[in-house]
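These are my notes from going through one model, entry by entry.

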Amino acid sequence: MNNGTDTVTTGKFYDSGGNDSNYANSENLTLTFYPKVNGEMVSIEFSMVDIESGYDSLMVHDGTDTNAPQLQGSPVSGSSIPSSAFTASNALGALTLKFVSDNIQNQKGWEADINCAGPSEVDQEQQICKT
């Protein structure tokens, strides 16, 4: 993870240490993902989480900046993998992630899959999750 924006279709999303290293102390990073295809929605599903609980956290916002509301399940901290994917529902299909770590301890971080889907596909996924 770094500061900035990224246009995505699919891929992996890691903390600043990548797949092999821990994230750093004293991080304050904000990254916004936009779908490559207009009308699609960015979705992030975590497969591994190891963030210092109570001190470091990853917030997931449904929009183009941190003023957008956080999605249910945000912030992500500790070692529990969120039970479902974070999926945008705003007009641009964007998700903004903000990661903050303290200056004392760092951990492995996270690994997640990024996907984009059309609104009808997202609606079907959400209906399946609700039943």
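Entry 1. Is Phe13 buried or exposed? I note before answering that this is a predicted model. Phe13 has a relative accessible area of 3%, and under 20% counts as buried, so Phe13 is buried.

I then listed what surrounds Phe13. Leaving out residues up to four places away in sequence, Phe13 touches Met1, Leu31, Phe33, Ile44, Leu97, Trp110, Glu111, Ala112 and Ile114.

**Entry 2. Aromatic pairs.** I counted the ring pairs next and found 5 aromatic pairs in the structure. For Phe13 and Trp110, the ring centres are 5.6 Å apart and the planes are at 50°, so I logged the pair as tilted. This pair links distant parts of the chain, with Phe13 in strand E2 and Trp110 in strand E8, 97 residues apart. Trp110 has a relative accessible area of 1% and is buried.

I looked at a second pair, Phe46 and Phe86. Their ring centres are 6.1 Å apart with planes at 90°, so this pair is edge-to-face. Phe46 belongs to strand E4 and Phe86 to strand E6, so the pair ties together parts that are 40 residues apart in sequence. Both Phe46 and Phe86 are buried.

I also checked for clusters of rings. Phe13, Tyr23, Phe33, Phe99 and Trp110 form one aromatic cluster.

Entry 3. I traced the strand order and got E2-E8-E4-E6, an open sheet of 4 strands with antiparallel pairing. Strand E2 (10-14) and strand E6 (86-87) are the edges, each pairing on one side only.

How many bridges join E4 to E8? There are 9, between residues 41-50 of E4 and residues 109-117 of E8, and the two strands run antiparallel. I looked up individual positions in this pairing. Glu45 stands opposite Asp113 in E8, and Phe46 has Ala112 as its bridge partner in that strand.

E4 also pairs with E6 in the antiparallel sense, over 2 bridges. Here Ile44 has Phe86 as its bridge partner. I checked the burial of E4 as well: 7 of its 10 residues are buried, so E4 is largely enclosed by the rest of the structure.

**Entry 4. The other sheet.** The order E1-E3-E7-E5 gives an open sheet of 4 strands, with mixed pairing. The edge strands are strand E1 (4-8) and E5, each pairing on one side only. I recorded an average twist of 20° from one strand to the next. E1 and E3 pair in the parallel sense over 5 bridges. The bridge partner of Asp6 in E3 is Phe33, a residue I had already listed in the aromatic cluster.

**Entry 5. The loop between E5 and E6.** I picked two residues here. Asp62 lies in the loop between strand E5 (57-61) and E6. Asp62 is at 12% relative accessibility, so it counts as buried. What does the Asp62 side chain join through a polar contact? The partner is the side chain of Asn90, at 2.7 Å. Not counting residues up to four places away in sequence, Asp62 touches Ala68, Pro69, Leu71, Ala88, Ser89, Asn90, Ala94 and Leu95.

Gly78 lies in this loop between E5 and E6 too. Its relative accessible area is 10%, so Gly78 is buried. I took one C-alpha separation: Gly78 and Glu52 are 26 residues apart along the chain, and their C-alpha atoms are separated by 5.5 Å. Setting aside neighbours within four places in sequence, I found Gly78 in contact with Val49, Asp50, Ile51, Glu52 and Ser53.

Technical notes:
Residues numbered from 1 in each chain as written. Predicted model: local features only at pLDDT ≥ 70, side-chain atom pairs only at ≥ 80, totals over all residues. Heavy atoms only, no water. Pairing = 2+ DSSP bridges. Buried < 20%, exposed > 50% of the residue type's maximum accessible area, 1.4 Å probe, protein only. Polar contact = N/O pair within 3.5 Å; in protein donor to acceptor, adjacent residues only side chain to side chain. Contact = heavy atoms within 4.5 Å. Phe/Tyr/Trp six-rings, centres within 6.5 Å; stacked < 30°, edge-to-face > 60°. Axes fitted to C-alpha atoms, helices over the stretch in contact; angles between N-to-C directions.
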